[in-house]
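Thanks for making the time this morning. I would like to walk through one model with you, so please have a look at it first.

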Amino acid sequence: MIALVTGANRGLGRDTALALARRGAKVVVTHRGDAEGAAEVERAVKESGGDAFSSRLDISDVGSFQAFAAGLTRELQDRWGTGTFDVLVNNAGIGVFGALEHVTVEDFDALVGTNFRGTFFLIQALAPHLADSGRIVNVTTSLTRHVSPGTSVYAASKAAVEAMSRSLASELGARGIRINSIAPGPTATDFNGGAMRDDPDLRGTLAAQTALGRVGRPEEIGDAIAAVVSDDLRWLTAERIEVSGGALL
Ligand SMILES: NC(=O)c1ccc[n+]([C@@H]2O[C@H](COP(=O)([O-])OP(=O)(O)OC[C@H]3O[C@@H](n4cnc5c(N)ncnc54)[C@H](OP(=O)(O)O)[C@@H]3O)[C@@H](O)[C@H]2O)c1
């Protein structure tokens with residue numbers, strides 16, 4: 001199995017790359033510009049007995065996707081003797097938060113441009129190179145189900161991805177490709193300035209709103225994504241699976 005994870009240089013993408021590698025996947029670690037972080041993930045994969053290479057990809061730069069796809073297939077062929085891959089994890093994303101009156105057009109365009117537009121056109125560019133019976137996982141958010149003030153555009157950008165995923169499941173199903181959304185709840189990463197990890201008050205509030213009584217750990221999202229792409233869940237497509245420890249039930 002060959003998996004490509006976007007934004008795999010840190011956070012949930014990093015742990016997803018490692019979780020997939022532990023299950024035997026070869027991993028393409030993409031990063032926006034943090035070559036050092038990506039190289040560290042590549043090293044960790046290799047130390048665990050797997051194989052990986054890293055590649056630069058800015059998901060807001062839709063115009064670069066065709067060249068990226070061409071370079072990817074060349075590199076897959078050179079390294080692993082195949083022009084196709086099996087799993088695409090659309091993890092890269094940004095969070096910009098603010099109340100209605102504070103959201104700027106730039107914030108709006110950045111959120112939609114990265115989280116939705118980037119994800120859609122990357123799937124369009126890479127689908128021809130995804131093996132039949134491949135899997136796509138889009139990382140969304142528990143905020144598409146429950147509400148928190150100041151998250152309207154962020155949540156909408158991810159809700160668009162969930163709607164798109166269901167629709168594409170019917171298009172790509174003819175090739176046996178499964179596509180699902182994983183919707184994490186608050187998880188301790190650098191996201192939102194690291195607030196879920198580093199702000200004890202916020203962490204306590206979020207933990208109290210969660211059935212399992214704490215915020216998530218990045219490896220728990222990585223393991224969930226690895227489970228979704230496994231053959232055990234081969235009949236699962238067009239679903240949104242929330243991985244939030246039971247946030248705001
Ligand atoms: N942590 C949470 O509580 C949480 C909850 C729900 C959903 N999520 C979602 O989970 C995903 C990963 O978040 P995280 O917690 O790992 O956050 P993070 O630590 O902030 O990491 C975000 C990742 O996305 C990458 N990225 C952002 N914009 C990009 C672009 N234009 N092109 C390529 N890569 C880009 C970042 O690259 P750089 O290192 O270059 O910035 C980084 O690798 C995001 O889609 C986020 O919306 C997170």
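Why is β5 largely enclosed by the rest of the structure? In this model 8 of the 10 residues of β5 are buried, so the strand is largely enclosed, where buried means under 20% relative accessible area with a 1.4 Å probe and protein chains only.

Before going on, this is a predicted model, in which local features need pLDDT of at least 70 and side-chain atom pairs count only at pLDDT 80 or more, while totals for chains, interfaces and linings use all residues. Residues are numbered from 1 along each chain as its sequence is written, and side-chain values use heavy atoms, with hydrogens and water left out.

The open sheet has 7 strands in the order β3-β2-β1-β4-β5-β6-β7, with parallel pairing; strands are DSSP runs of E with at least two residues, helices runs of H or I with at least four, numbered from the N terminus, and two strands pair if DSSP finds at least two bridges between them.

Strand β5, residues 130–139, pairs with β6, residues 178–184, in the parallel sense over 5 bridges, and Arg135 stands opposite Arg178 there, while Val137 has Asn180 in β6 as its bridge partner. On the β4 side, there is parallel pairing of β4 and β5 over 5 bridges, with Val87 bridging to Arg135 in β5. The chain crosses from β4 through α4 to β5 in a right-handed β-α-β crossover, that is, with the strands pointing away from the viewer, the path from the first strand over the helix to the second runs clockwise.

Technical notes:
Buried means under 20% relative accessible area, exposed over 50%, partly exposed in between (1.4 Å probe, protein chains only).
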